[in-house]
Structure formats: C-alpha cells, structure tokens
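Hi,

Here is the structure I said I would pass on. Have a look at it first, and then read my notes below.

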Amino acid sequence: MRLWSVRRARAMEFAYQALEGALKALHPVFAKIGYARLEKPVAAVERAAKGFLFDCQMCGQCALSSTGMSCPMNCPKSLRNGPCGGVRPGGFCEVKPAMRCVWDQAFVGSLKMKRGRTIGQPLSPIDHRLWGRSSWLAVARGDHKRMDEAR
Ligand code: SF4
C-alpha cells in the first residue's frame with residue numbers, strides 16, 4: 001500500500017493540504033476540548049489511517065509532505081535524511097534487498113508533488129519524545145510551523 005500511495009503522491013498531497021486546513025481551522029475547538037484529552041483517540045485514528053496508507057510508525061513529526069509521501073521511518077536504518085550510500089541497482093534497499101528504498105521512493109513521489117522541490121532540504125533530527133503522539137494535533141497547534149522555522 002505504501003508504494004501505491006507514493007504513486008499517487010499528488011492526490012495524497014491534495015488530500016493532506018485539505019486535512020491540514022481543516023485541522024488548523026479546528027484549533028479553537030480542540031483547544032476548548034483540551035489537546036491532552038484528544039491525544040489518545042486522535043492518535044489511534046491517525047495510526048489506523050496512516051498505518052494503512054503509508055506504513056506510518058507514529059514518529060509524531062510527520063515528514064510525508066517533504067518526502068514524496070514515502071514515510072522515512074520505514075527505512076531499516078531509520079534515516080531521517082537519505083538515501084544512504086547503499087541503494088542497490090533498481091532502487092532496492094541495502095539492508096532488505098527485496099524492499100524498495102524509501103528514499104528512492106521519496107524522490108519518485110516528490111516529482112509528482114507541488115512541494116516536491118523541498119525534497120533536497122534536510123529534515124530536522126527526530127525528537128524521540130514525540131513517538132506515538134499525533135502529528136495531526138501538532139499541525140492543529142501549529143507545532144510543525146515552529147519546527148519548520150527552527151529548521
Ligand atoms: S513521518 Fe512519522 S508521522 Fe509521518 S508517516 Fe512516517 S512515522 Fe508516521
């Protein structure tokens with residue numbers, strides 16, 4: 001399914017932008033309910049939806065819109081910025097030879113996306129405190145914008 005999503009990166013990007021807009025618009029509602037209270041149920045829905053579409057590992061700081069809709073956390077080396085120097089001919093992984101390199105796929109997906117040009121920009125190192133947390137709620141709170149600015 002992960003490769004299917006990369007092949008449809010443009011449509012996924014469009015859907016993500018719509019979701020992002022909706023999440024930001026819902027910030028006052030979320031703030032009223034309480035982000036802490038929402039964390040568990042929203043993270044569960046996010047895990048199910050993005051797990052199905054992208055093999056999401058719930059790093060809590062989603063990079064899909066910068067990586068051609070290919071989740072970098074599926075890299076066996078957990079490279080947040082890739083690819084490594086070991087990509088096999090045909091775009092296969094050095095560690096798992098039957099697996100397509102997630103970073104090779106990131107470049108393929110990025111060519112289909114409007115934001116594809118951001119593929120060359122380095123991603124921030126992973127913040128391990130955020131594992132399991134909802135990226136959707138982070139977007140609603142504006143955390144991603146602050147992270148991008150810090151980067
Ligand atoms: S980058 Fe993180 S939040 Fe986004 S799909 Fe991958 S593991 Fe999930």
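To get you oriented: in which helix is Pro41 found? Pro41 belongs to helix 4; helices here are DSSP runs of H or I with at least four residues, strands are E runs of at least two, and both are numbered from the N terminus. Before I go on, note that this is a predicted model, where local features need pLDDT of at least 70, side-chain atom pairs count only at pLDDT 80 or more, and totals for chains, interfaces and linings use all residues. Residues are numbered from 1 along each chain as its sequence is written, and side-chain values use heavy atoms, with hydrogens and water left out.

Back to Pro41: its relative accessibility is 46%, so it counts as partly exposed. (Buried is under 20% relative accessible area, exposed is over 50%, and partly exposed is in between, using a 1.4 Å probe and protein chains only.) Pro41 is 68 residues from Gly109 in sequence, and their C-alpha atoms are 30 Å apart in space.

Phe14 and Met113 are 99 residues apart along the chain, yet their C-alpha atoms are separated by 8.9 Å.

- At 31% relative accessibility, Asp55 counts as partly exposed.
- Ser66 is buried, since its relative accessible area is 8%. Beyond its neighbours within four places in sequence, Ser66 contacts Arg115, Thr118, Ile119 and Leu123.
- Met69 is another loop residue with a positive phi, near 65°. Met69 is buried, as its relative accessible area is 2%.
- Pro83 is in the loop too, and a cis peptide bond joins Gly82 to Pro83, with omega about 0°.

What about the ligand? There are 13 residues around it, and Cys56, Gln57, Cys59, Cys62 and Cys71 come nearest (a residue is near a molecule or strand if one of its heavy atoms lies within 4 Å of it). By class, the shell has 9 nonpolar, 2 polar and 2 charged residues. Ala, Val, Leu, Ile, Met, Phe, Trp, Tyr, Cys and Pro count as nonpolar, Asp, Glu, Lys and Arg as charged, and the others, Gly among them, as polar.

Last, the second largest pocket. Its volume is about 170 Å³. A pocket is an open set of points on a 1 Å grid over the protein atoms alone, with protein on both sides within 12 Å along at least five of seven lines, and lining residues have an atom within 4 Å of a point. Points are joined across faces, edges and corners, and the volume is the space filled by probe spheres set on them. The lining includes Met12, Tyr16, Lys50, Cys62, Met69 and Trp136. Helix 2 (9–25) and helix 4 each supply at least two of the lining residues. The lining has 11 nonpolar, no polar and 1 charged residues.

Cheers

Notes
Contact means heavy atoms within 4.5 Å. On a 1 Å grid over the protein atoms alone, a cavity is a set of points where a 1.4 Å probe fits but cannot get out, and a pocket is an open set with protein on both sides within 12 Å along at least five of seven lines; lining residues have an atom within 4 Å of a point.
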